[in-house]
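This report goes through a complex of protein chains and DNA strands, part by part. Please keep the structure open while reading.

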Protein chains: 2
Amino acid sequence: MPAAWLGAPIRVTIADVANAAGVSKTAVSFAFNNPERLGQATLERVLGVAHDLGYTPHPAARALSMRRSGTIGVLIPQRLSTVFANPFVSELLQGLGELCEEHDLNLLLVPPLDGSLEGAIRQASVDGFVSLGLGPHDRALEVLDAIGIPTVLVDSEDAAARPVVNVDDRGGAEAAARHLLEQGHRDLAVIALPPTRGQVTNTPTTVRRLDGYRSAIEAAGASAPQTITAGTSVAAGARAFEALPRGRQRPTAILAMSDMAAIGLISAAQSAGLRVPDDLSVVGFDDIPASAWTNPPLTTVRQPIVEKGRLAARLLIQRMKGRAVDSPAPLKTTLVVRHSTSRPPGSDLPIRRR
Amino acid sequence: MPAAWLGAPIRVTIADVANAAGVSKTAVSFAFNNPERLGQATLERVLGVAHDLGYTPHPAARALSMRRSGTIGVLIPQRLSTVFANPFVSELLQGLGELCEEHDLNLLLVPPLDGSLEGAIRQASVDGFVSLGLGPHDRALEVLDAIGIPTVLVDSEDAAARPVVNVDDRGGAEAAARHLLEQGHRDLAVIALPPTRGQVTNTPTTVRRLDGYRSAIEAAGASAPQTITAGTSVAAGARAFEALPRGRQRPTAILAMSDMAAIGLISAAQSAGLRVPDDLSVVGFDDIPASAWTNPPLTTVRQPIVEKGRLAARLLIQRMKGRAVDSPAPLKTTLVVRHSTSRPPGSDLPIRRR
DNA sequence: ACGATCGCATAAACCGATTTAGTAAATCGG
DNA sequence: CCGATTTACTAAATCGGTTTATGCGATCGT
């Protein structure tokens with residue numbers, strides 16, 4: 001057999017099929033894309049020959065001449081190894097994936113190459129982008145509309161230029177803080193999300209959640225929380241615990257902006273001999289599936305991550321079809337009270353939980 | 001400004017840059033890819049003009065003429081929403097991602113479109129594929145080498161044609177079963193992985209693990225385990241628990257082929273009033289990060305998932321460079337004993353754990 | 001029997017890059 | 001000062017498809 005021997009596979013092109021079937025390239029193309037424009041007999045012959053030869057249209061050639069690649073890109077602001085350590089992304093991809101499959105689209109993950117998202121964007125052959133957590137003034141976004149690729153932002157700031165999918169971060173954060181304050185906590189600490197892409201500024205999400213926490217705390221007349229920034233991984237959560245002041249200085253409750261950090265923090269606290277929630281209350285954010293079966297199960301702010309992915313994909317697909325769409329209302333967040341929170345140590349009455 | 005009004009963005013092409021700079025297309029191409037072939041002055045002028053115009057080479061055009069897309073594909077045998085519910089995939093992607101970033105490659109997720117992986121493969125513009133859990137005789141693989149795209153198999157059967165990355169499933173399973181048997185269990189049940197892609201046959205991984213379980217059980221002279229097939233999700237694990245016989249018929253220990261199923265099963269068991277491990281021992285497989293902080297922490301077989309991803313990517317990249325590579329030895333699996341296993345109910349002595 | 005219509009198939013242009021083969025001018029050695 | 005290189009650049013071919021405009025013979029209405 002005439003198989004190429006590693007590295008030089010001979011691709012069957014449309015011209016080969018045309019020759020073998022004794023027709024023009026046009027006919028072959030029609031056979032696949034406009035069958036009704038061919039006669040019965042020819043159609044069947046061409047299709048037969050194509051199948052025998054194992055013909056498959058070259059995706060890049062197709063993309064070039066059709067001006068669409070059948071792929072949507074996910075713009076990821078951090079290294080894949082970092083970002084996939086957080087189930088948040090998995091869930092988002094579940095949502096995106098659902099719609100992609102519905103519409104016969106592939107999903108391209110686009111992390112920074114060589115530290116540069118801009119470079120990675122150029123390399124990516126996609127019909128549209130979903131961008132995760134990029135501030136609306138990020139350089140990468142300028143590149144995007146210089147090229148004119150439709151884009152939907154997730155977890156960003158509202159901006160006129162493109163649709164943004166957000167959840168009610170502020171409301172969720174407020175509910176979380178209020179929950180702790182109602183239990184009697186006065187000494188809180190916040191574990192914030194790290195800025196992405198080596199920027200100095202907080203992510204839009206962080207800003208909104210901080211805002212929510214602070215507003216609830218002020219309303220209750222408690223003192224401002226100290227803020228520690230930590231990654232969204234278990235290890236980072238553990239480090240955050242270490243960074244907490246010890247002894248009487250230690251806050252009695254923690255507001256974490258991600259479940260992963262909360263889980264890591266709880267583990268570290270437990271290893272240090274603290275009981276959660278008796279000695280330390282912790283509330284997370286996201287409600288990833290795992291938070292239901294940790295020990296103790298995590299009190300957290302639920303955001304509909306899968307739905308967020310679905311919505312973003314749906315909007316993007318609309319935009320790719322040329323329809324103009326505007327940003328939907330932020331999705332609801334809700335406080336899920338489990339067992340990682342209770343009254344601060346030293347309070348008298350035991351507290352009821354649902 | 002001459003911006004296109006939605007859906008018809010005007011792309012700046014290499015010809016535009018060439019015109020504006022008063023040079024040929026070739027010169028522009030050289031400016032980016034062979035700068036040394038241009039004079040200082042021209043080089044700077046071209047680069048300047050290109051930058052001002054916001055020129056970006058069209059990825060598909062580039063891919064077509066260079067015969068490489070700078071992308072590797074991950075062949076996923078199930079729907080994305082299913083597959084991303086299992087952290088296993090996230091971890092694998094961490095490994096793959098690491099090497100992709102190192103080599104400036106993007107990652108394309110390729111799930112079955114319209115139920116057909118073959119179709120999805122054709123649509124995908126990639127330089128190589130990593131295939132997850134596909135049997136070596138899958139139709140999809142035939143398509144792959146009909147086109148001549150280098151491929152590395154993960155979790156498949158050894159086959160001469162292409163490199164396969166596996167872990168020691170059999171050994172791990174054997175260790176898991178032996179652990180239970182040593183504790184005195186005689187009544188075991190196995191929760192098997194579901195076959196992928198609507199096939200009837202078990203996945204290669206399932207076959208090897210079953211083999212390991214059975215061999216240990218036979219060696220101990222215990223009776224054959226009953227086998228229940230369940231998805232790799234928490235919900236599926238819960239269903240598996242419901243499918244178990246009740247009362248005295250209930251096995252005293254469960255061998256689950258995935259941590260997710262194990263976790264779901266444990267939750268269901270606990271909701272039904274059973275104590276784990278006192279009433280029921282459960283051992284998982286994979287050692288996903290979550291298994292360390294479940295309640296109780298999960299005894300499981302650890303496989304180096306991230307490493308598996310790295311290795312697969314490394315081999316694929318080798319193959320893409322034209323080097324021939326053969327399958328590496330299976331990666332080691334090790335039993336991690338935590339707290340979801342103990343002696344069967346009715347045993348006298350309490351058991352020590354590490 | 002004749003121009004109009006229809007059905008089927010094709011030639012050639014095009015998508016936007018890279019690359020090969022080559023040309024004209026500048027530089028070199030002797 | 002002349003032939004041989006080198007340097008700096010370009011025209012045209014190529015990658016592998018889709019699409020537009022068109023040709024040609026058979027059928028139709030009258």
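How do the residues of the surface near DNA strand C divide into nonpolar, polar and charged? They divide into 10 nonpolar, 11 polar and four charged, where Ala, Val, Leu, Ile, Met, Phe, Trp, Tyr, Cys and Pro count as nonpolar, Asp, Glu, Lys and Arg as charged, and the others, Gly among them, as polar.

## Basis of the model

This is a predicted model, in which local features need pLDDT of at least 70, side-chain atom pairs count only at pLDDT 80 or more, and totals for chains, interfaces and linings use all residues. Residues are numbered from 1 along each chain as its sequence is written, while chains are lettered from A and ligands numbered from 1 in the order in which they are written.

## Surfaces near the DNA

A residue is near a molecule or strand if its C-beta atom, placed from the backbone, lies within 6 Å of it. Around DNA strand C there are 25 residues, of which A:Gly39, A:Ser65, B:Thr13, B:Ser29 and B:His58 come nearest. Both protein chains take part: α2 (25-33) and α4 (59-66) of chain A, together with α2 (25-33) and α4 of chain B, each supply at least two residues of this surface. Helices (H or I, at least four residues) and strands (E, at least two) are DSSP runs, numbered from the N terminus.

DNA strand D is surrounded by 26 residues, the closest being A:Ile14, A:Ser29, A:His58, B:Gly39 and B:Thr42. Two or more residues of the surface near DNA strand D come from each of α2 and α4 of chain A and α2 and α4 of chain B. By class, the surface near DNA strand D has 10 nonpolar, 11 polar and five charged residues.

## Packing of α2 and α3 in chain A

Two packed helices are described by the angle between their axes and the distance between the axes. For α2(A) and helix α3 (residues 40-53) of chain A, the axes come within 9 Å and cross at roughly 90 degrees. The two helices are therefore roughly perpendicular to each other, a label that covers angles of 65 to 115 degrees. Axes are lines fitted to C-alpha atoms, for helices over the stretch in contact, and angles run from 0 to 180 degrees between N-to-C directions.

A:Ala27, A:Val28 and A:Ala31 in α2(A) meet A:Thr42, A:Leu43, A:Val46, A:Leu47 and A:Ala50 in α3(A). This contact has seven nonpolar residues, one polar and no charged.

## Contact between chains A and B

The contact takes 55 residues from chain A and 54 residues from chain B, two residues being in contact if their C-beta atoms, placed from the backbone, lie within 7 Å. On the side of chain B that touches chain A, the elements giving two or more residues include α4 (59-66), α7 (117-123), α8 (139-147) and α12 (259-271) of chain B. On that side α6(B) gives the most, with seven residues. The residues of that side of chain B divide into 30 nonpolar, 17 polar and seven charged.

A rotation of 180 degrees with 0.0 Å of shift along its axis superposes chain B on chain A, with an RMSD of 0.1 Å. That is the relation of a two-fold axis. Copies are superposed by least squares on the C-alpha atoms of residues with pLDDT of at least 70 in both. Of the interface residues of chain B, 100% are also interface residues in chain A, so the copies meet through the same surface.

An open sheet of 10 strands has the order β5(A)-β4(A)-β3(A)-β1(A)-β2(A)-β2(B)-β1(B)-β3(B)-β4(B)-β5(B), with mixed pairing. Its edge strands are β5 (164-165) of chain A and β5 (164-165) of chain B, each of which pairs on one side only. Two strands pair if DSSP finds at least two bridges between them.

Strand β2 (residues 106-110) of chain A pairs with β2(B) in the antiparallel sense over three bridges, and A:Leu107 stands opposite B:Leu109. Strand β4 (residues 151-154) of chain B and β5(B) pair in the parallel sense over two bridges; there, the bridge partner of B:Leu153 is B:Val164.

## The six-stranded sheet of chain B

Six strands of chain B form an open sheet in the order β7-β6-β8-β9-β10-β11, again with mixed pairing. The edge strands are β7 (226-229) and β11 (334-336) of chain B. The twist averages 20 degrees from one strand to the next. Helix α9 (residues 169-182) of chain B packs on the sheet, and its direction makes about 165 degrees with that of β9(B). Helix α10 (residues 204-219) of chain B also packs on the sheet, touching β6, β8 and β9 of chain B.

Four bridges join β9(B) to β10(B), which run parallel, and B:Gly284 stands opposite B:Thr300. β10(B) and β11(B) run antiparallel and are joined by three bridges; in β11(B), B:Val336 stands opposite B:Thr300.

Key. Parallel < 35°, antiparallel > 145°, perpendicular 65-115°, else oblique.
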